[in-house]
Amino acid sequence: VQLSLQGPRLRDDKDTVQFLSVLCTLPQGMPESRIPIFTEALKAELPDVMHSITLLKQSSLAYLTNDGFLSVLSPIRHHMLSNHPVSFALFSRLATLYCDLVLSSPVGFAAEVTYTRKCLQPELANISHILKLCITGQTEDSRASSVESALDDRANFSRQWFIRRKDLVTDERDQSEYIIPSENLKRAFQAIAKFSELRRSA
């Protein structure tokens, strides 16, 4: 994998390497039907996602699955998460995108069921993973022991929260952290509650 990243196509293309890190953060990969949405969401940091996708396919670092996901092989994912974890800015874009997806559910039981089956069920693993990463960190000073205790402590919502990079990579020696603003964390909790509700209704 590192040889491909250092090859003539990619060695000077930091945006494509960053996009590959984004792709590897999604356990299912990126649904082809939603690539335009991802392109729009990531454009501030990655202005040419389609170019990156083309390069990754040409370099055999990404491929389309039979069920329509742009994905990577497991060894590539492991290498990227260990050596090129997604940046805070790009993870924040992913978190916002998936929170919006869950919280955009229409009102009404029938509409919610339809929305869940059409928009959420195809990406259950991605949604669960990204929302989990939003809240699996620890507060700077209270060190909440679990999601449940954090939910019970309303005061924690006004503090800074962390996503520890060890939750994004397999190398336990890397203890650097991402700071997630409290407003984003509150939105993540709202999305998790809604996600659980929608899954039960469907």
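C99 is buried, at a relative accessible area of 3%. Buried here means under 20% relative accessible area, exposed means over 50%, and partly exposed lies in between (1.4 Å probe, protein chains only). C134 is buried too, with 4% relative accessibility. The sulfur of C99 has its closest cysteine sulfur in C134, 5.1 Å away, which is too far for a bond. A disulfide is counted when two cysteine sulfur atoms lie within 2.5 Å. The structure holds zero disulfides.

This is a predicted model: local features need pLDDT of at least 70 and side-chain atom pairs count only at pLDDT 80 or more, while totals for chains, interfaces and linings use all residues. Residues are numbered from 1 along each chain as its sequence is written, and side-chain values use heavy atoms, with hydrogens and water left out.

Now the overall picture. The protein has ten helices and five strands. These are DSSP runs, numbered from the N terminus: helices are H or I with at least four residues, strands are E with at least two. Of the 202 residues in the protein, 44% are buried. Contact means heavy atoms within 4.5 Å. Among contacts between residues at least 6 apart in sequence, 70% join residues at least 24 apart.

Next, the core. A nonpolar core is a set of buried Ala, Val, Leu, Ile, Met, Phe, Trp, Tyr and Cys residues, joined through side-chain atoms within 4.5 Å. The largest one has 48 residues, and F19, L20, M30, Y98, L120 and I127 touch the most other members. Two or more residues come from each of α2 (14-25), α3 (35-42), α4 (49-58), α5 (74-83), α6 (88-103), α7 (109-120), α8 (124-135) and α10 (182-201). The largest share, nine residues, belongs to α6. What does I127 contact, leaving aside neighbours within four places in sequence? I127 meets Y98, L101, V102, L120 and F195.

The bridge partner of M30 is L70, in β3. β1 and β3 (residues 69-71) run antiparallel and are joined by two bridges. Strands pair if DSSP finds at least two bridges between them. The open sheet has three strands in the order β1-β3-β2, with antiparallel pairing. β1 (30-31) and β2 (63-64) are the edge strands, each pairing on one side only. Strands of a sheet pair through backbone hydrogen bonds.

D15, T16, F19 and L20 in α2 meet V49, H51, S52, I53, L55 and L56 in α4. The axes of α2 and α4 are 9 Å apart, at an angle of about 80 degrees. That makes the two helices, α2 and α4, roughly perpendicular. Axes are lines fitted to C-alpha atoms, for helices over the stretch in contact, and angles run from 0 to 180 degrees between N-to-C directions. Angles under 35 degrees count as roughly parallel, over 145 as roughly antiparallel, 65 to 115 as roughly perpendicular, and the rest as oblique.

α3 also packs on α4, at about 120 degrees and with axes 9 Å apart. α3 and α4 are therefore oblique to each other. I35, T39 and L42 of α3 make this contact with V49, M50 and I53 of α4.

Finally, D13 sits in the loop between α1 (2-5) and α2. Is D13 buried or exposed? D13 counts as buried, at 15% relative accessibility. D13 touches H51 and L55, not counting residues up to four places away in sequence.
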